[in-house]
Amino acid sequence: MRSAAVGGIAAAWTLRSTNRRAAAAPGGRTVAVFGAGPAGLTAAHELAERGFAVTVYERLGAAGGKCRSIFSDQALPSEHGFRSFFGFYHNLPDTLRRIPFRGNRNGVHDIALGAQLSGFETDGAHIRAATVTDSAGARHSVEADYYVSAIPLDKAPAVFSDGVLAADPRLESISRLQSAWMVGIQFFLRRRADLAAGHVAYVDSPWGLTSISEAQFWRTPLNGYGDGGVADVLSAIISEWEEPGVFDRKTAAQCSPAEIAAETWEQLTAHVNKVGDEPLTDDMLHSWMIDPALRDPGTPDVSYDDAIFIQNPGSWADRPDATTAIDNLFLAGDWIRTQMNVACMEGANEGGRLAANAVLHVSGSAAGRVPITPRFRMPLWEPLELADSALYHAGRPNAFDLIDRRYPVR
Ligand SMILES: Cc1cc2nc3c(=O)[nH]c(=O)nc-3n(C[C@H](O)[C@H](O)[C@H](O)COP(=O)(O)OP(=O)(O)OC[C@H]3O[C@@H](n4cnc5c(N)ncnc54)[C@H](O)[C@@H]3O)c2cc1C
């Protein structure tokens, strides 16, 4: 993988240079992938391995999407929020085992960083070009044989112009899909705090907290980072932004970053500490970092730039497939129709594989199709799934869906 450029004049040069390179590729089959999250990178990886000339355009200055690594302002290893790789994942681990790296002859694709897809030029049911805006605000026309949009749900409606929607009216349904805020915050600790050998769900915390103690899973000692004073990272996620906190009675959406950190820390410690057994104490706290996608916290304009797709009841009908009615436009991402009915990296990876297979099919490629491992289905759950299917076809909610306020018929 070669990171081509970050921003400004360098990005403008990159967009032109990668186009030239793409045109010279074997077979002249060029693909522009937008979004360097797991979905876009998977599609790019599979197509590059099959001889396509692929360029990835990513709006941020780093690849990885919501799963990217971030460093705190004190040079401590941080993240958007913790990520778990569940045992039933198969497609994503397969990709990770084959991930392209410098010197790997299969790792031949280019990434233009700071390059944001801003729209498509259509010619009936065909994309003639895409428009990409670099970090200096300059607009560039990108031409390729095939276009894969792997940008997240909350950003997609802005780039699907009237021409795109006229060519594929079904894409209008994506504006009915919903997303929510799940915001990561990391507490850097001076001492280890192995709260559990896995996740902790703070079931009655008003801010819907979960956490994981990370040092136990790291091979590299954390005291090699920053000022050397950190022994553990307690990585937490805040999923409820509208409920008042326990200690200062504000919702997370009303709080400044310092207030968010203080309230979250109080909710965590209140759950795990008891008299005589206090795994978390204030003197352990070295520093903290909150997801930089949270914008203008503590002001009425607070917003979140990395919202996650939520599968409300009925959302399946509004999720698009990887193929569209436009002959050279394909979709990838955790929100398109895959075997996973929850936004996750495995679903995003599958979405990337589906988009790659669609390009292979349309291009008439003789290359082998990208394998997709079927989702594991627990035999024990089959009777429940059959019963649920019967309820669904009778227009009734799921038997466990007793208090879900989102269900449309309630
Ligand atoms: C707090 C949190 C915890 C999570 N925990 C887990 C977990 O434990 N396990 C799990 O499997 N999944 C987890 N997920 C979900 C997982 O992170 C996502 O499902 C996955 O990252 C989706 O991948 P994607 O490629 O579809 O989209 P993204 O990861 O969102 O990547 C999309 C990329 O497109 C870029 N982009 C956006 N707009 C444009 C544009 N106009 N032009 C160019 N580029 C653009 C973005 O900057 C981003 O890099 C979690 C998510 C959150 C928010």
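This is a predicted model: local features need pLDDT of at least 70, side-chain atom pairs count only at pLDDT 80 or more; totals for chains, interfaces and linings use all residues.
1. β7 and strand β8 (residues 127-134) run antiparallel and are joined by 7 bridges. If you want a residue pair to click on, take Phe120, whose bridge partner in β8 is Ala130.

2. Keep β7 in mind when you turn to the ligand. This strand provides the largest share of the shell around the ligand, namely 3 residues. At least two shell residues each are supplied by α2 (38-49), β3 (53-58), β7 (115-122) and α7 (345-363).

3. Which residues come nearest to the ligand? Out of the 33 residues around the ligand, they are Glu58, Lys66, Ser84, Tyr89 and Asp334. By residue class, the shell around the ligand divides into 20 nonpolar, 7 polar and 6 charged residues.

4. The protein backbone also deserves a look here. For Pro38, a backbone N or O atom lies 3.2 Å from an oxygen atom of the ligand. A polar backbone atom of Cys344 is likewise 3.2 Å from a ligand oxygen atom. For Met345, the distance between a polar backbone atom and an oxygen atom of the ligand is 2.9 Å. As for burial, the ligand taken alone exposes 1000 Å², and the protein buries 97% of that.

5. Now to the other sheet I would point you to. It is an open sheet of 5 strands in the order β13-β14-β15-β12-β16, with antiparallel pairing. Its edge strands, each pairing on one side only, are β13 (199-201) and β16 (285-290). From one strand to the next, the twist averages 20 degrees.

6. Within this sheet, strand β12 (residues 183-189) and strand β15 (residues 232-238) run antiparallel, with 7 bridges joining them. A handy landmark is Gln186, which stands opposite Ser235 in β15.

7. Finally, which helix lies across β12, β14 (209-213), β15 and β16? That is α6 (residues 257-272), and its direction makes an angle of about 70 degrees with β12.

How values were computed:
Residues are numbered from 1 along each chain as its sequence is written. Side-chain values use heavy atoms; hydrogens and water are left out. A residue is near a molecule or strand if one of its heavy atoms lies within 4 Å of it. A polar contact is a pair of N or O atoms within 3.5 Å; within protein, one must be able to donate a hydrogen and the other to accept it, and residues adjacent in sequence count only if both atoms are side-chain atoms. Accessible areas come from the Shrake-Rupley method with a 1.4 Å probe; for residues, only the protein chains shown count as cover. Helices (H or I, at least four residues) and strands (E, at least two) are DSSP runs, numbered from the N terminus. Ala, Val, Leu, Ile, Met, Phe, Trp, Tyr, Cys and Pro count as nonpolar, Asp, Glu, Lys and Arg as charged, and the others, Gly among them, as polar. Two strands pair if DSSP finds at least two bridges between them. Axes are lines fitted to C-alpha atoms, for helices over the stretch in contact, and angles run from 0 to 180 degrees between N-to-C directions. Contact means heavy atoms within 4.5 Å.
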